[in-house]
Amino acid sequence: KHGYGVFLTMGGGAGLGGLLLLVFTAVLVSRLEAAGAGTVAVRIAASAGSAWAIMTMFAGLAWISPFVAHVSFSKTPPTAGAFEIMAGLGYGSLTMFGGLSAAILAATVTSVALRTDLLPRWLAVAGIPASVLILANPVLPMAVITLWFTAVTVCLIRRTGTAAHAGVRASRPVTV
């Protein structure tokens, strides 16, 4: 019904998004370390962020798979049912398992931010309901994830010269 263009665009966008999530996670983890987060919090953030990125890239792969299968392995185009199955697999991995990983990442960042100067206080407090609402991701597709993590990204960019970025330990170190 939509043709390959929609699925290629969705798949390519999700794949690129997954790669950017890996960069975001790497920067975020270095900021957590600099803010004084404990080893466990840093490892959870790195794992959850990486899992989120992998699920995002997997969603992209699922959306592109019918096209790749047709061009590379078969003269017969995929059926509408094949597109629906792969679209469901992609969307499910993105919203369910990617959303769960994003919620774990948000909760970890929130727990560190509540005890350090990693984020402004209002954003650290907003991370509490955001961490829970992200779990509703299949119902509110990407809304809370997009808003909260965009705010975190903007705050981290604006705080590049702060003690949290410079590697100075926070006044209240976190041992999580």
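Of the 176 residues in the chain, 40% are buried (under 20% relative accessible area with a 1.4 Å probe, protein chains only; over 50% is exposed, and in between is partly exposed). The model is a predicted one, where local features need pLDDT of at least 70 and side-chain atom pairs count only at pLDDT 80 or more, while totals for chains, interfaces and linings use all residues. Residues are numbered from 1 along each chain as its sequence is written, and side-chain values use heavy atoms, with hydrogens and water left out.

The chain holds six helices and zero strands (DSSP runs, H or I of at least four residues for helices and E of at least two for strands, numbered from the N terminus). As for contacts (heavy atoms within 4.5 Å), take those between residues at least 6 apart in sequence: 80% of them join residues at least 24 apart.

Helix α3 (residues 80–113) packs with helix α5 (residues 143–158) at about 35°, the axes lying 11 Å apart; axes here are lines fitted to C-alpha atoms over the stretch in contact, and angles run from 0 to 180 degrees between N-to-C directions. On the α3 side, Gly99, Ala102, Leu105, Ala106, Val109 and Thr110 meet Ile145, Trp148 and Phe149 of α5. By class, that contact has seven nonpolar, two polar and no charged residues (Ala, Val, Leu, Ile, Met, Phe, Trp, Tyr, Cys and Pro count as nonpolar, Asp, Glu, Lys and Arg as charged, and the others, Gly among them, as polar).

Leucine 89 also sits in α3 and is partly exposed, at 39% relative accessible area. Leaving aside residues up to four places away in sequence, leucine 89 touches Phe58 and Ala62. Phenylalanine 58 is 31 residues from leucine 89 in sequence, with 9.0 Å between their C-alpha atoms.
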